[in-house]
Structures are given as C-alpha cells and as structure tokens.
Amino acid sequence: MISTKRLTGASLAGASLFVLSACGGTTEAPIENPPAPAVEEEAGPTVADVRAFINEAEAELDVLFARSADVNWAYATDINEENEIAVSEDSAILTEKMVELANETKKFQGLDLPADLQRKVDILRGGITIPAPSTDGAATELANINTALSSAYSTGKIDFEGETVPQNETELLMRNLRDADQLEEVWTKWRAEAKASKASYTRMVEIANAGARELGYADVGQMWRSGYDMDPDAFAAETDRLWGQVEPLYENLQCHVKYKLNEQYGDDVVPLDEPIRADLLGNMWAQQWGSLYDIVKPQSTGGSSTVDLDALLAENDYTPIRMVEAGEEFFSSLGFAPLPETFWERSQFVKPDDREVVCHASAWNLDNQEDIRIKMCINVDGEDFRTIHHELGHNYYQRAYKDQPLLFKNGAHDGFHEAIGDMIALSITPEYLQQIGLLSADDVPGADGDIELLMQQALEKIAFLPFGLLVDKWRWQVFSGELTPDTYNDGWWSLREQYQGIRPPNDRPADAFDPGSKYHVPNNVPYTRYFLAHILQFQFYKAACDQIGWEGPLHRCSFYGQKEMGERFNAMLEMGQAQPWPDTLELFTGTREMDGSAILSYFQPLLEYLEEENQGRQCGW
C-alpha cells in the first residue's frame, strides 16, 4: 500500500523530469518557469518497522484471543441466547481486527525480511479461517451467520419412534441400528435438519470469498491451501499423491465390506453392481465403519482373536473421569508433566442435564499457557476412549509450544495437531491394555488374531481416508464457484461416489444440503487436516516404534513407558509453527516428506487377506 504523500511526490518528480528532457538540449528557447523543487519520497517500511508491527499485533491478539476463548467456551458449554449474542459480537470484533492486520501486511510485500519475521507476516496474512471484507457491517453479518449455523447444528433434533433425539444420540442410533428402513429414516431426518442452513451457508461463502479476495487470494479455498509452506496448487497435488499411495487398500476394504453387507441385507438393499448405501455403514456420515465389525469380521483362525474394549471398560467399572485419567497416564509414562488441576476443575466431561451444549469433542487452551481443557459428552466405550487420547494430544501439544511467540503457537501444520493424539491411540494395543490392567494375559490375542485386530483398525482408519480428503475438495469447488448453490448437493454426492464408492439411500431433494449435516461444514472447520493426520499418525507411530527398537509386527508396537522416545517427541511438539513443517517432521521422523508407506506397512497382512478374499468378486463401483 502506497501512501498519498508518497504517490504525489513520485508523480511530481516524474512530471518535472518530463519537462526537463523535452525542453533541454535541442532548443535555444529559455525556460520561463524553473522546475519545481523535488519532493522527497516518504521512506518505505524497514525491517525494524515490520518487527515493531508484528510485536504490537501479537500483543493485541493475545488479549483478543484470550477473551474470545472465554466467550466461546461459555457458549459451547451453555448454548443460550445471551451466549449466542456474545459469541457473535466477539467473532465480529476478532474478524475485523484480523482482517485489518492482514491487510496491513500488504505494505511489507517485497521486503527482504528475516525468515522468522517473514513467517509471522505470512501467518498473519492467512491466519483467519473465514475472512470478511473490510466493508462496514460485513464482519458482523458473517459472525451472526456463523453463530446461527453452529447453534442450529448443535441443537438439532429429530423425532424417532415417538422420541425426540438430539444430535449426539442420532450418531448412536446410526452406530447400533441394524434395520435398513430405520437407518434410512434416521439418516434422512438428520439431513432434513441441515437443509434449512443452505441459504445462510451460501451467503457465508459470498462474504468470505470477498474477504479472501481483499487479502489477495482468489477465494477461500486457495487461502486454506496456502497454509502449508508450499504453493496452493502443489499442496492439492500433494494430497492426491498421498491418496494414491493408500487408495488400493481402501478399494479392497470397500469391496469386502460391500459383499458382507450384501450377505446381511440382500441384493435389494445392497446390489453388488452399485456403490454402497451410505446409511448402512454404521456412522451418520459413513466416515468410519468400526461398528460394522460384527458383520464384516474375518473368520476366526482359532483362539481369542478380538478385544471388545467396550466390554472391558464396563467390566472394570470405568467412568468418564477414569477414562480421561487413563489418557493422562499414557502421556505421563512418556515423561510429560501431569495435567494441571484446573484441567480437572474446568473441563466438560459429560453432557449436562440442564442445558444445551456442543457435544462435538474438542480441546482448548484458553490462555495460551496452562489453562488447557477438553469438552466432551463422554460415553464409556472404546470409541470415546480413543477420542480422549486424541483430544489430550491437542492439549499436550498446546502446552508444549506455550513458550513460542503468539503467532507460532500452533501445530507445524494443522494435520500435525490432529495426528498427535491419534498416534498415541495407535499404541492402545492388547499388550498395552494388559499393562494398564484392562486385559488379562490369558486374553491377549495371539498372532492368529492379527487379521481381526487389523480389520478393527481398518474400519476406523482406512475407511476414513477418502472422506477426510473429499470434504474440503467439495468446499474448494464451492469457494471457487465450480459448484453453485443449485449444484452443492449433486457435487457432494459425486465426490462421495468417486472417492468412497457410496451413494445416498434415496433420491435427494433438489434443495437438499447434505454436506451441512456434518459438524465441520456449518462450523467452517477445515477438514484436509484430518486426512493429513491419518497419514502422519502412522508415520509418527512407525518412527516412534523404530526409535524404541521394536522388531515385531508394526501393529503390535506400544511405546507406553518409553521416556526417551517421549523426550524426542516433545522436542518436535515444542517447535509449534516456528519453522516450515518439513523441518519439524524431520526432527522426529528423519524425513521431510509426508508418506503413506507406514500405513501400508501397518496393514500389509490385512491387505494380503483382503486381496485373497476379493478374488472373483465384483469390486469397484
């Protein structure tokens, strides 16, 4: 950005030079008017100016972020009109300030800055997920829309068999029901709830794209893809490369599951020549299929071959608090300091009976120091046992980088943040469950149970991969205008068929907005991070197992109690976002490239089993 004074000075100087060159040298006519005196240009910003700006911005944002965290925590743990108003007002203030600061960074373009300073400028420019333009009222309108979308999702309910079922319990229905008609009913009714948000979402896209363009991006999708220390188009190609590494494993799993569901429901419900009905996969969004294990499990090769973590937790009288304590104990065994007392005093572990809350699990650091918390509505089951480890991974990461400057208090990239706890959860092996007293030595499955154990993991981890990729592929198309409101839903299902091989259970209405049925869409949470996390967690896990000298099958490795490995792990976490992610990745893994080969190593025995099972089957879609 050039100031008016500087532009005026340059113009006057240029005009004077033109007069001098035109009138001098070849003419003998006297110059009647002497040239105007040169106007001194205003000096451009210096490195010291940029550093002062960044220091001031970090100090100001530190205060705003802390206030915003308090306001958002109050809203997430008590959804009411007063808190909705407060979170909307706070969001508008924070958005306006972030846009103002991001726009200010434009005047530093072209300056040769030290690496740390340039990194902070880049982070500040692209650091807002959903930007608003600087026009009057835009940030307020955007904040009101986003709050309304979030509240509508979290307070949504359906009627089922004479009962009113809140959002978090609809997920349990999809996990436990086995009647195809009932599954279709619950699935369809939840998406009817989402349809009402389509107009608001469309308006949000318009405002956010205007904000992104003001910051110099083509659209919000390009802005999101710019946050990975590489060209946005190169990043998109990188996600496709990673998907190509693991796609054969997914395709074999999908084929096996389709045939097992056909045996369960018959040709009318599961035709073998069509994609799988999305409502039959044991999850509201068909993103993870773990609850189908009883249907798709391999034939036992003898002995005790599976671990029912749900039953183990119940038999051992685990409570929500005891589950969180188990997660803390794992991190403590790696040498991490215990969670602060405030964590136990301030977290939300169970759904309150007296108010609406956001049940979607999340981890918080309210002061960017030690005020770390989780917010969950914990069920005592295996899924939430793993989720607790995931959320605590966020908390320990947040605390590890607390001494970094404010703009570096984040993951190396957002996939790192999601991968940390999941890498720990991969170490929840039968041997680990024995170590913590949940499983007796006699009940630890032998090697003959490996295929069953790997199938359980694949239904969660491998089934998720294409969904983790396509959610943002859909949003990139929405933000770029490739998809319009009239084609939002068709585009969504086109991607779901292309990548997952699934289809809706019924014809979708022309005005349907099925993407809005997924928390992260109305709440504007970027989703590629989860795809990257599923790649990185296995890469981290293999690196950890290599460091402790593990020699057995990779999926049997547990690094519980390995403090030396934990020290190296924490050194990676402490870096936060202070350097490009390949540098941070190399600290722990020795490599600078994200790589899906660890997934293939982990699941190699299962892939061989699936390829054999699928011989002669009609795979693909």
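**Figure 1. Helix α6 passes helix α7 in a left-handed crossing.** A crossing is called left-handed if the near helix is turned anticlockwise from the far one by less than a right angle, and right-handed if clockwise. This is a predicted model, in which local features need pLDDT of at least 70, side-chain atom pairs count only at pLDDT 80 or more, and totals for chains, interfaces and linings use all residues. Residues are numbered from 1 along each chain as its sequence is written, and side-chain values use heavy atoms, with hydrogens and water left out. Helices (H or I, at least four residues) and strands (E, at least two) are DSSP runs, numbered from the N terminus. Helix α6 covers residues 167–176 and helix α7 residues 180–195; their axes come within 10 Å and cross at roughly 150°. Axes are lines fitted to C-alpha atoms, for helices over the stretch in contact, and angles run from 0 to 180 degrees between N-to-C directions. The two helices are therefore roughly antiparallel to each other. Angles under 35 degrees count as roughly parallel, over 145 as roughly antiparallel, 65 to 115 as roughly perpendicular and the rest as oblique. From α6, the residues Q167, T170, L173 and M174 meet L183, V186, W187 and W190 of α7; contact means heavy atoms within 4.5 Å. Sorted by class, this contact of α6 with α7 has six nonpolar, two polar and no charged residues. Here Ala, Val, Leu, Ile, Met, Phe, Trp, Tyr, Cys and Pro count as nonpolar, Asp, Glu, Lys and Arg as charged, and the others, Gly among them, as polar.

**Figure 2. Helices α15 and α16 pack at an angle of about 130°.** Helix α15 spans residues 382–400 and helix α16 residues 414–425, with their axes 7 Å apart. That angle makes α15 oblique to α16. The crossing of these two helices is right-handed. On the α15 side the contact is made by R386, H389, H390, G393, H394, Y397 and Q398. On the α16 side, F416, H417, E418, I420, G421, D422, I424 and A425 take part. By class, the contact of α15 with α16 has five nonpolar, seven polar and three charged residues.

**Figure 3. C255 and C619 form a disulfide.** A disulfide is a pair of cysteine sulfur atoms within 2.5 Å, and the sulfur atoms of C255 and C619 are 2.0 Å apart. The torsion about this S-S bond is about -75°, so the disulfide is left-handed. C255 lies in helix α10 (residues 232–265) and C619 in the segment after α24 (597–613), so the pair ties together parts that are 364 residues apart in sequence. C255 is buried, with a relative accessible area of 0%, whereas C619 counts as partly exposed at 37%. Buried means under 20% relative accessible area, exposed over 50%, and partly exposed in between (1.4 Å probe, protein chains only).

**Figure 4. A disulfide links C359 and C377.** Their sulfur atoms are 2.1 Å apart, and with -85° about the S-S bond the link is left-handed. C359 is in the loop between α14 (341–346) and β4 (362–365), and C377 is in the loop between β5 (372–375) and α15, so the pair ties together parts that are 18 residues apart in sequence. C359 counts as buried at 13% relative accessibility, and C377 counts as buried at 12%.

**Figure 5. A disulfide joins C545 to C557.** The S to S distance is 2.1 Å. With -105° about the S-S bond, this link is left-handed. C545 belongs to helix α21 (residues 528–547) and C557 to the loop between α21 and α22 (563–574), so the pair ties together parts that are twelve residues apart in sequence. Both C545 and C557 are buried. A search of the whole structure finds three disulfides. With bonded cysteines counted along the chain, the disulfides follow the pattern 1-6, 2-3, 4-5.

**Figure 6. P133 sits in the loop between α4 (115–125) and α5 (138–154).** P133 counts as buried at 13% relative accessibility. P133 and A210 are 77 residues apart in sequence, yet 5.7 Å apart in space, C-alpha to C-alpha. Neighbours within four places in sequence aside, P133 is in contact with A138, I207, A210, G211 and E214.

**Figure 7. N368 is placed in the loop between β4 and β5.** N368 counts as buried, at 16% relative accessibility. Leaving aside neighbours within four places in sequence, N368 is in contact with D62, F65, K402, L406 and K409.
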